[in-house]
Amino acid sequence: MDKINVTRSSMPEFEEYVNEIKDLWDSRWITNMGAKHNKLQEKLREYLAVENVSLFANGHLALEAAISSMKLTGEVITTPFTFASTTQAIVRCGLTPVFCDVNEDDYTIDVKKAKLLITDKTSAIIPVHVYGNVCNVYEIEKIAKKHNLKVIYDAAHTFGVRVDGRGIGSFGDASMFSFHATKVFNTIEGGCVAYKDSRLTERLNVQRNFGMSDNENYKEVAGNAKMNEFQAAMGLCNLKIIEREISERKIAAKRYIDNLSGRRGIRPWKEQDGVIHNYSYFPVVFDGDIFGKSRDQISDELAKENIYARKYFYPPTNEFECYKGKFDPGNTPKAKYISENVLTLPMYAGLSVEDVDRICEIILRQE
């Protein structure tokens, strides 16, 4: 049987991409904020329904730039149930992550517990929208205003998501979106920062261009994080098919839900009220004591059938070897439990309902 991976990159027709990059051989302008970069930046600003967008070579560097541009200090409240990038960006920017536990139902930051972690050292909250699930953005806004904190969302999983009709990137001071090859929308590698305050534009430009403010002045210590024209060209092509991509993912997600809902010991992903989702991932939490098989056993059984799911996120970032002895994972028990029991099943545009049915049949066979 054909191999089914946990994800598959969305790509335009080959001829369309070739046509998009043809004129680069005329201009010979292939990086440093060229015409395609600028066009994609504007189209994304419109699609995401945000005030400002700055493009980056990848999402991680975009997040670091957002943090650095806001001159944060001291402690940042975040969660350990996330990809490594979130925590690594905070630490690489010289800040201390303060880990808050997550909600059991949507895996996003528990705002009630976040309130209790605020001290005079806290400068920001960096919540994570997980699997396309959105944080309690309204409550976070209230907390931030009350304590004068910046809010930077890790929105890597929520490209195109809407909350009560608003683009998800319009919440907080800034949001980072990842355009990695495995995401709903990709520029091969890439990412962006969406933000409200236009005064951040120059600071973000400086952050992605070696700290250079003009050809002779270097205002800050910074790296190189510019998106090139070939990446931007892929983004321009993929943006044309994004609605089709999401609609195909939705079909697969609905099939998973129909097959797996109501089963003891299985908790499949569910949609949130008031949210237009992008169906970026399909996580399922398994309670091995009730279901009969553990997450790891189910993953192994799928692999025997050439189907590759992912233990995502595992382990939680506060258990990483590089932070050994610095944090207590016991302070975030829900994040730890979910990390040890969640499996993201294959999800991508073009995944057939027949393949979804086969995946679910293998899982349910383990009951």
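A: What follows goes from the cavity to the residues around it, and then to the cores, helices and backbone features.

This is a predicted model, in which local features need pLDDT of at least 70 and side-chain atom pairs count only at pLDDT 80 or more, whereas totals for chains, interfaces and linings use all residues. Residues are numbered from 1 along each chain as its sequence is written, and side-chain values use heavy atoms, with hydrogens and water left out.

The structure holds one cavity of 30 Å³ or more, where a cavity is a set of points, on a 1 Å grid over the protein atoms alone, at which a 1.4 Å probe fits but cannot get out. The space in the largest cavity is about 30 Å³, the volume being that filled by probe spheres set on the points, which are joined across faces, edges and corners. Its lining (residues with an atom within 4 Å of a point) consists of A156, H157, T158, F159, S178, K183, V184, F185, N278 and S280.

Among these lining residues, F159 is one of those with the most contacts inside the largest nonpolar core, together with Y256, L302 and L345. That core has 70 residues; a nonpolar core is a set of buried Ala, Val, Leu, Ile, Met, Phe, Trp, Tyr and Cys residues joined through side-chain atoms within 4.5 Å, and buried means under 20% relative accessible area, exposed over 50% and partly exposed in between, with a 1.4 Å probe and protein chains only. Leaving aside neighbours within four places in sequence, F159 is in contact (heavy atoms within 4.5 Å) with L44, Y47, L48, F177, F179, F185, L239, I242 and N278. Apart from this core lies another, of 23 residues, among them A62, I67, I152 and A156.

The helices and strands named here are DSSP runs (H or I of at least four residues for helices, E of at least two for strands), numbered from the N terminus. R249 is buried yet has no salt bridge, the nearest side chain of opposite charge being E245, 5.4 Å away. A salt bridge would need a side-chain nitrogen of Lys or Arg within 4 Å of a carboxyl oxygen of Asp or Glu; for charge, Lys and Arg count as positive and Asp and Glu as negative, while His and the chain ends are not counted.

A62 and I67, named above in the other core, are also buried residues of α4. Helix α4 (residues 59-69) is mostly covered, with eight of its eleven residues buried, and what covers them includes β1, α5 (84-92), β5 (150-154), β8 (174-178), β9 (191-195) and α8. In turn, the buried residues of α5 pack against α4, β2 (75-78), β3 (96-99) and β5; they are A84, S85, T86, T87, A89 and I90.

Finally, some backbone features: A49, in the loop between α3 (35-48) and β1 (52-56), has a positive phi of about 60° although it is not a glycine. A cis peptide bond joins Y312 and F313, with omega about 15°, and the bond from Y314 to P315 is likewise cis, with omega near -10°.

Notes:
1 Å grid on protein atoms, 1.4 Å probe; cavity = no way out; pocket = protein on both sides within 12 Å on 5 of 7 lines; lining within 4 Å.
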